[in-house]
Amino acid sequence: MIKIAICDDSSENKQELSELLKVFAERMKVEINIVNYSSGKNMLFVWEDQIKYADILYLDIGMPSVDGMEVAERIRAQGY
């Protein structure tokens with residue numbers, strides 16, 4: 001199973017990406033588990049105590065407060 005985390009402030013973008021990933025996974029006969037986060041701040045809060053494992057991260061670059069680049073920097077600093 002491939003674990004995927006999507007962090008985007010747009011619910012439409014998260015829905016569209018999730019649907020595309022599900023179609024792709026079905027065609028490739030691969031199981032996936034998708035977890036959505038509504039903001040970089042929310043994702044960092046959930047991942048604060050322990051890095052949540054994901055094989056693939058989709059991070060929106062243009063989010064208010066904490067953007068995808070800052071999320072990537074912070075989780076890399078934690079050894080992810």
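Start by selecting residues 2-7 and 32-37: these are strands β1 and β2, and they pair in the parallel sense over six bridges. Two strands count as paired here if DSSP finds at least two bridges between them. The strands themselves are DSSP runs (E, at least two residues), as are the helices (H or I, at least four), and numbering starts from the N terminus.

Now follow the chain from β1 to β2. On the way it passes through helix α1, residues 11-28, and this β-α-β crossover is right-handed. Right-handed means that, with the strands pointing away from you, the path from the first strand over the helix to the second runs clockwise.

A quick word on what you have open: this is a predicted model, where local features need pLDDT of at least 70 and side-chain atom pairs count only at pLDDT 80 or more, while totals for chains, interfaces and linings use all residues. Residues are numbered from 1 along each chain as its sequence is written, and side-chain values use heavy atoms, leaving out hydrogens and water.

Click on I4 and you'll find its bridge partner I56 in β3; for A5, the partner in β3 is L57.

Show the three strands together and you have an open sheet in the order β2-β1-β3, with parallel pairing. Because β2 and β3 stand at the edges with a single partner strand each, one side of each has no neighbour in the sheet. The twist averages 15 degrees from one strand to the next, using lines fitted to C-alpha atoms as axes and angles from 0 to 180 degrees between N-to-C directions.

**Along helix α1**

Next, select N13, which lies in α1. Is N13 buried, exposed or partly exposed? It counts as partly exposed, because its relative accessibility is 39% (buried is under 20%, exposed over 50%, partly exposed in between, with a 1.4 Å probe and protein chains only).

Then move to K29, in the loop between α1 and β2. With 76% relative accessibility, K29 counts as exposed. From its C-alpha to that of P64, 35 residues away along the chain, the separation is 36 Å.

**A nonpolar patch**

Colour I2, F24, M28, V30, I56 and Y58: together they make a nonpolar surface patch of about 500 Å². M28 sits in α1, and both α1 and β3 supply at least two residues of the patch. Patch members have over 30% relative accessible area and no salt bridge; like charges are joined within 9 Å, and nonpolar side chains (Val, Leu, Ile, Met, Phe, Trp, Tyr) within 5 Å. The areas come from the Shrake-Rupley method with a 1.4 Å probe, and for residues only the protein chains shown count as cover.

**Last stop: a salt bridge**

Finish with E70 and R74, whose side chains meet in a salt bridge at 2.5 Å, N to O. The term needs a side-chain nitrogen of Lys or Arg within 4 Å of a carboxyl oxygen of Asp or Glu. Since E70 and R74 are four residues apart in helix α3 (residues 68-77), about one helical turn separates them. E70 is partly exposed at 26% relative accessibility, and R74 is partly exposed at 39%.
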